[in-house]
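Reader: Hi! I've got a structure open and would like to talk through a few spots in it. Shall we start once it's on screen?

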Amino acid sequence: MNIPADDRTFRHLGGNGPGWRDRLSRFPTSLLVLLSLLTLGGFVVLYSAVGGGENIDYVWRQSARFGFGAILMLVIAMAGSEKVYRRYAYLFYGLSLSLLVGVFLSGTIGMGARRWLEIGVLNLQPSELMKVALVLALARYFHDRSVSSGLGPADLVIPLLMIALPTALIVKQPDLGTSILLCAVGMSVIVAAGLEWKLFIGIIILLGASLPMGWNMMHDYQRRRILTLFSPEKDPLGAGYHIIQSKIAIGSGGLFGKGFMAGSQSQLNFLPERHTDFIFSVLAEEWGFVGGLLLLIVYCMIILRTLIIATTAADRFGLLTVVGLTTLFAFQVLVNMGMVIGLLPVVGIPLPMISYGGSSMLTLMIAMGLVAHVGVHSKQHGRTI
Amino acid sequence: MYSLENEHETFKVDTRRRLLLLGGLFAGGAVIIGGQLFHLQVMNGGEYRDLAEDNRISLQPVPALRGRILDRHGRILVENSPDFQLAIIPELTGDIKTLLKRMQPYLALPPDKIEKILRQVERQRSFLPLMVQSHLTWAQVNQIESRIHTFPGATIQVQTTRSYPNGDTAAHLLGYLGEVNDKDIFQFQGINFRSGDIVGKTGMERMFELELRGKEGFREMEVNAVGRHIRELKRQPARPGNDLRLSIDVELQAEAERALQGLSGSTVCLDPNNGEVLAMVSQPSYDPNQFIRGFSNDEWKKLVTDPKRPLINKAIQGQYPPGSTFKMVVALAALREGKISAHTRHYCSGSVVRDNHTFYCWKSGGHGNLDLVAALEQSCDVFFYKVSESLGIDAIARQAKSLGLGETTGIGLEGERPGLMPSRAWKKATFGHAWYPGETLITAIGQGAVLATPLQLASMVAAIANGGRIFRPTFVTSPENQPPTPIHATTIQPAHLDLIRKGMIAVLNGRSGTARQYKPEKILAAGKTGTSQVVKHKREKSGKLIKEDNARFKDHALFVAYAPIDNPRLALSVVVEHGGHGASAAAPIAKRIFDFFFDKYGIAES
């Protein structure tokens, strides 16, 4: 690998950079605190969502994941060189892409949705890896190219391909939510990297124009979900059921909610998938508008915190990485909430840090570790907020 | 030359703006979501709360026990009895087909029923019991119960059903139950029916629906999304229906039914002192239990197409020309109008000719010269032809109306028919023709257009027995110290009534009485025979009747009577469809009823 001259002055992993004490002091503790707060609050909702009592196991498993995730975040953040992730970005991307191809190939044999790859005892979801890998690869790509004026069409061919390849593979799984997420994350990196505004608007128009094509490519159930969004009452026991019941749960929560474990909608099984994708309905039913708003505020604080880190990034790679990963986080928040409150079609996207499940949480903690890494290695010396 | 510093600076300026854009987009999304939350939770929270409540609570009805029906002495006519049903809970049963096959020796289900059950399994929540067979016999219950542990998911449920321990006794009177329909919902507007509800369809079951029904209770169950019950929130116990004590005497009823066994006809027994119905028979009958168990196609077809019409309650729905039993009405009208007196005599030569038409007496040779009492005793037609001529149809109709003919009695039974009392106005309104004088003659002997139900006839004879009071016939015994009030007291002079009664007493006790062979054994009774034409009799030129052999064209036999003559306690009417002569076919039935009644209760004042 052709390593630039200035990189050679650092020794691999932890060379000339700041010492580990220094790095630890610059770790964005507030980010971890906010994430912990979020997750702890999530445990309360999860406990209620699974019916409490004997199902407390769910909470234990989830907290174990968070504990592991927090350590992962710390380790990733503290990793020695500011350039270590940039160096392996393409490699990571290539690996993720080949795993996705692996899923695609084995998926053609099986029926229906196939998102998992079994490697020994490990159940790997390559689409989760790809979320992070895509951000890193795009950041690397734009980092390597100096742009004084805006990015032109020629600068976009490779990045768009980098987005399109995994997206296409994931659409085929089929996992509409994750594919849209990848596009959104990729676009955010491109925009932050300096996309010409004219081009930006052009792409938006192009995307709009390609909607009918996307519509044709969709599975029937996916189309139904979108149609249902506009008139859930038409199919109250079928596709509209999720939305109707979720809205009833949220709406009936009122201003202050029905109280912990007292949400009749969620406690009595009217809400499907209430501990995973629809966990926000449980929260909103039991803790009301106040609870929902509080959650939204915590999310905004986390996003604000990461964006501040972006402004202090030592290099373009760092900045673009934070933008992409923040988008990853924020997009999931907005889309998940949007769908459970009936503003967006139901696509399988979990609520960050709250929904039950390991893949999503670990991916996000890795992402937050990378964000923190940028903070730790920011150009400003002295504590970040 | 590539400069890290340089690149940083250009990139910083532009990027700040771009970061702001992204931050703004996120913030915008958050505001939209916050706004929708506010809209759902704060603006429309109440509405959604109601929806959530609807989701959560399911009202489960607790059926009310229907009141029993007893006779005047407290003997049970209708009760509730346990009905054993086999149900399976599919989620506890492995293979339902196999289970049904293994239980088949104890159930004997027809193949289409098995198909139906298997289809039902698909449609129903698997934790809800699915009824396989109801009305299990004791033997079946025992056989299944002793092996129940080998039939996973099978349970024997007990439900209450209506049962009629006396079988077809008083079936028409008691009525039967059926599933509620639009008509019922309209008629009983006070009741909140649910589909599939059981309601009285005919007879007492319908007439006293509101009393018998009670009030359904409910359990407020908290349910989850698939309808499984989580817990009970509230319980409102059912209020059972009231027992109903009827004026019917079940033993008299049964005896009267036996007396009419095998025939097609009806008898109504009233207490002439208050209008209470002691027995009301319509034959042939049916077993109301069958309505609970259900009919096979053949059974139902047979019941509906039977020419003797077992489903019709002939006591209130059968309308017959009253024949000679109508002569009392004509006599009373003539006495009231002063057209005849006790001493008026008319000569019967066997026929009279009016307007080129010959009106025959039933006795070809004629009765000779007779007065009213003798005319009633021998049922002379010519006497009444002559009386009616001076009287006119409208005077007869007025008298008939005041005795309750031509309109429903108001007994309250579903389907009661009014009979028909013709008049000039009726003829004009119905046919647009004037009334012919000859029609008055026909009507005077209870033929032609005039129609009466057995109940009306019984009520009429009760009024004659009790001094002219018309009571609304009732099935409910009135309290001891509360004298019944007649719906109208006819203004019949006692002297006139006495004459009528004398004639009626002579019918059973006179030397030439038409029913003298059928006088009751222990008491003196008064009665009147009647024969009503089904088709107009064909006569030879000589005036001799041509006998019709076909049973369908045979005359209806009628008899009305009361007893004892000095203190009447029982008034009755008997109609035997196509029975032939009133005397020979209907009077013996009355005799049997009187004998039974006074044998049992004596002649002492009640």
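Reader: In which sense do β19(B) and strand β20 of chain B pair, and over how many bridges?

Author: The two strands run antiparallel, and seven bridges join them. For orientation, β19(B) covers residues 526–532 and β20(B) covers residues 556–563. Do keep in mind that this is a predicted model.

Reader: Which residue of β20(B) is the bridge partner of B:Thr529?

Author: That would be B:Phe559.

Reader: And how many of the residues of β19(B) are buried?

Author: Six of its seven, so the strand is mostly covered.

Reader: Changing topic: which residues make the nonpolar surface patch?

Author: Chain A gives A:Leu255, A:Phe256 and A:Val290, while chain B gives B:Phe38, B:Val42 and B:Met43. Together they make a patch of about 560 Å². Helix α1 of chain B, residues 4–43, supplies the largest share, three residues.

Reader: Where does A:Phe256 lie, and why does it count as exposed?

Author: A:Phe256 is in the loop between α12 (240–253) and α13 (264–267) of chain A. It counts as exposed because its relative accessibility is 62%, and the cut-off for exposed is over 50%.

Reader: What about B:Leu263, what does it touch?

Author: Leaving out residues up to four places away in sequence, B:Leu263 touches B:Gln283, B:Pro284, B:Val576 and B:Ile589. B:Pro284 is 21 residues away in sequence, with 6.8 Å between the two C-alpha atoms. B:Leu263 itself belongs to the loop between α10 (250–259) and β11 (265–270) of chain B.

Reader: Last one: is helix α16 of chain B mostly covered or mostly open?

Author: Mostly covered: eight of its 11 residues, 381–391, are buried. Among them are B:Phe383, B:Phe384, B:Tyr385 and B:Leu391.

Reader: What follows α16(B)?

Author: B:Gly392 does, and its phi is positive, near 85 degrees.

How values were computed. Residues numbered from 1 in each chain as written. Chains lettered and ligands numbered in written order. Predicted model: local features only at pLDDT ≥ 70, side-chain atom pairs only at ≥ 80, totals over all residues. Heavy atoms only, no water. Buried < 20%, exposed > 50% of the residue type's maximum accessible area, 1.4 Å probe, protein only. Helix = DSSP H or I, 4+ residues; strand = E, 2+ residues; numbered from the N terminus. Patch = residues over 30% accessible without salt bridge, like charges linked within 9 Å, V, L, I, M, F, W, Y side chains within 5 Å. Areas by Shrake-Rupley, 256 points an atom, 1.4 Å probe, with all protein chains shown as cover. Salt bridge = Lys/Arg side-chain N within 4 Å of Asp/Glu carboxyl O. Pairing = 2+ DSSP bridges. Contact = heavy atoms within 4.5 Å.
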